[in-house]
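This briefing is meant to be read alongside the sequence and the coordinates. Please keep both in view while working through the points, which are grouped by topic.

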Amino acid sequence: MKRRGVLIGLGALAAGGWLLRPDNRGAAHDRYFQQLNDTLKSAGPGRPLMLIDRQRLADNCRTLMSMIPSGCNFRIVAKSLPSVPLIQEVMTHTGSQRVMLFHQPFMNALADAEPGCDMLLGKPMPIQAARRFYQELGEAHRFDPSLQLQWLIDSLPRLEQYLALARELDQPMRINVEIDVGLHRGGLGDPSQLDALLALIHANPRHLQFSGFMGYDAHVGKLPGFIESAEEGHRHTERRYQSFIDRLYQQAPQYQTQPLCFNGAGSPTLALYDDSTVVNELSAGSCLVKASDFDLPSLDAFAPAVFIAAPVIKAMDGLNLPGPIPLGDAWQRWDPNRQRTYFIYGGYWKAQPVSPAGIQANGVYGVSTNQMMYNGSPETALTPDDQIFFRPTQSEFVMLQFGDLAVWEDQAIRQWWPPLPQGEGA
C-alpha cells in the first residue's frame with residue numbers, strides 16, 4: 001500500500017507539473033568541441049585530462065595587456081596558472097618576468113626554470129617554508145633572492161621571525177608589507193602600524209630592506225550594488241592604499257625617490273584600474289584561462305581557455321535509479337534532459353559540464369570521484385569513448401589534478417605541459 005501511495009503521489013505531481021515540464025536543452029557538441037572529442041576519442045590517453053587552448057590563451061594575454069594602465073607593471077599570478085611552461089607562455093605574450101607565488105615548492109621550481117624572474121609572495125609564508133626555500137635553492141643559484149624576491153609580511157611578530165632567519169642564514173631579505181584595503185583578511189589595518197615595522201627594518205639594514213606594499217581587493221564588487229557599487233568599493237580601496245603610502249613617506253621620506261612595489265588588483269577588479277591609480281603594479285592570472293567563477297561583466301572580453309575532458313564509460317537510455325520506487329522512470333518521462341544516462345571516467349571536480357549542451361549531474365544518484373553519473377537528452381547523442389567537457393570553476397587547484405596539461409593548438413594536441421610540483425618529503 002505504501003509503494004502504491006507513493007506512485008499515485010508521483011503521478012499526481014507529474015500531472016500537476018506537466019505545464020512546468022523542463023524544455024529540452026540538449027544538443028550535440030558544437031564544431032569546436034566535436035573536433036576536440038574526435039581527436040581524444042581516436043588519439044587521446046583514455047583518461048580525464050585538462051586541456052589548454054593555446055590560441056585563446058594568447059588572445060587573452062593581449063586583451064589583458066590592453067587593460068594595464070600606463071605607469072603600471074603586470075605581475076603573473078602563478079597559483080592560477082600552475083605550470084612552468086604555462087607561466088613561460090604568459091611571460092612570452094605579456095613581456096612580464098614578474099610573478100606572484102603562494103607555495104614554497106612553486107617558488108623553487110620557478111627559480112630553477114626562470115632564474116631571471118622577479119618574485120613577490122602573495123601570502124605570508126610560515127617561517128619553516130621560508131627556511132626550506134633557501135635550503136632547496138642552495139648558495140650558488142643564479143636566482144638571487146636578495147634582489148629578486150619580496151617576502152610578504154603581515155605583522156610585527158612575523159617580521160621578527162624573518163629577521164631571526166635572515167640573521168641565521170646571513171641572508172638579506174626584501175620585505176613587502178601586506179595592507180588591509182578592505183578585504184579584512186589580515187595585514188596592517190591602520191597606517192600607524194607601519195611605524196614599528198619600519199623601525200625594525202631600518203634598525204637592521206644588513207638583513208632587511210623595505211620593498212613596498214601589497215593590498216588585495218577581492219572584496220570589491222561582491223556586495224549588492226545598493227550597498228556599495230564596484231566603483232565605490234574601488235575608490236575606497238584606493239583611498240586606503242594611499243593612506244599607507246602617505247604614512248610611509250611621512251615616516252621615511254627617502255622612499256619617495258626609491259623604486260618601490262605597490263601591488264594591487266586581481267582578475268575580477270583589473271578593469272577598475274586606470275591611469276589615476278595609486279598602485280604601480282597589477283596582478284592577475286585567472287582571467288587568462290577564465291574558469292567559470294570569472295564569468296563576470298568586467299571580464300567579458302576574455303574567452304574560456306581551459307577545459308576538462310572526461311571519457312564516457314557507459315551510455316544508457318533512460319534513467320534507472322536504485323531503490324524500490326521507479327523514481328527514475330517518472331523523472332525521465334517528465335524531464336527530457338534526464339532521458340540519457342552517462343557514467344564518466346572520474347568526476348566530482350570543481351567544474352561544471354559545458355558540452356554537450358544540457359548535460360547535468362544527478363544529485364539524487366550522488367557524486368563520485370570514480371564514475372559519476374550525468375544525464376542529458378537524446379540529442380546529446382554520446383556513446384562510450386566520447387567525451388564530456390567541463391569548465392573548471394577555478395584554475396588554481398583543479399589544474400593540478402590531471403597530470404600533464406594537454407595543449408590544444410591547430411586542431412590537435414601539440415604539447416604536454418607538466419604542472420608545478422606540490423613538494424617532496426623532508
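The model is a predicted one, and its protein chain has a secondary structure of 12 helices and 17 strands. The C-alpha trace of the protein chain spans about 85 × 50 × 40 Å along its principal axes, and 51% of its 426 residues count as buried. Among contacts in the protein chain with a separation of 6 or more, 72% are between residues 24 or more positions apart.

**The barrel and the helices packed on it**

- Eight strands form a closed barrel in the order 2-3-4-5-6-7-8-9, and their pairing is parallel; from one strand to the next, the twist averages 30°.
- Strand 2 (residues 73–77) and strand 3 (residues 98–101) run parallel and are joined by two bridges, with Ile 76 standing opposite Val 99 in strand 3.
- Helix 4 (residues 84–94) packs on the sheet, where it touches both strand 2 and strand 3, and its direction makes about 165° with that of strand 2.
- Helix 6 (residues 127–137) also packs on the sheet, touching strand 5 (149–153) and strand 6 (173–178), and the direction of helix 6 makes about 170° with that of strand 5.

**Helix 4**

- Eight of the 11 residues of helix 4 are buried, so the helix is largely enclosed by the rest of the structure.
- Just after helix 4 comes Gly 95, which takes a positive phi of about 75°.

**Helix 8**

- Helix 8 (residues 156–169) has 14 residues, and the distance from its first C-alpha to its last is 20 Å, close to the 20 Å expected at 1.5 Å a residue.
- Leu 159, Tyr 162, Leu 163, Leu 165 and Ala 166 are buried in helix 8; seen down the helix axis, the buried residues fall within an arc of 165°, so they line one face of helix 8.
- As background to this pattern, an α-helix has 3.6 residues a turn, so residues three or four places apart point the same way.
- Pro 157 and Glu 168, on the other side of helix 8, are exposed.
- The cover over the buried residues of helix 8 includes helix 6, strand 5, strand 6, helix 9 (194–202) and strand 7 (208–215).
- At the N-terminal end, helix 8 is capped by Ser 155, which has a side-chain oxygen 3.3 Å from the backbone nitrogen of Arg 158, while just after helix 8 Asp 170 takes a positive phi of about 50°.

- Not counting residues up to four places away in sequence, Leu 159 touches Ile 153, Ile 175, Leu 197, Leu 200, Ile 201 and Leu 208.
- Leu 159 and Tyr 273 are 114 residues apart along the chain, and their C-alpha atoms are separated by 30 Å.
- Asn 176 is found in strand 6, and this residue counts as buried because its relative accessibility is 0%.
- With residues up to four places away in sequence again left out, Asn 176 touches Leu 120, Gln 150, Trp 151, Leu 152, Ile 153, Ser 211, Gly 212, Phe 213, Met 214 and Cys 261.

**Strand 16 and its partners**

- Strand 16 (residues 405–409) is mostly covered, with four of its five residues buried.
- Strand 1 (residues 49–53) runs parallel to strand 16 and is joined to it by three bridges, and Leu 51 stands opposite Ala 406 in strand 16.
- Strand 17 (residues 412–417) runs antiparallel to strand 16, the two being joined by five bridges, and Val 407 stands opposite Gln 415 in strand 17.
- The hairpin of strand 16 and strand 17 has two residues between the strands, and in this hairpin Asp 410 takes a positive phi near 55°.

Key. Residues numbered from 1 in each chain as written. Predicted model: local features only at pLDDT ≥ 70, side-chain atom pairs only at ≥ 80, totals over all residues. Heavy atoms only, no water. Pairing = 2+ DSSP bridges. Axes fitted to C-alpha atoms, helices over the stretch in contact; angles between N-to-C directions. Contact = heavy atoms within 4.5 Å. Buried < 20%, exposed > 50% of the residue type's maximum accessible area, 1.4 Å probe, protein only. Expected span 1.5 Å × (residues − 1). Arc of directions from axis to C-beta. Polar contact = N/O pair within 3.5 Å; in protein donor to acceptor, adjacent residues only side chain to side chain.
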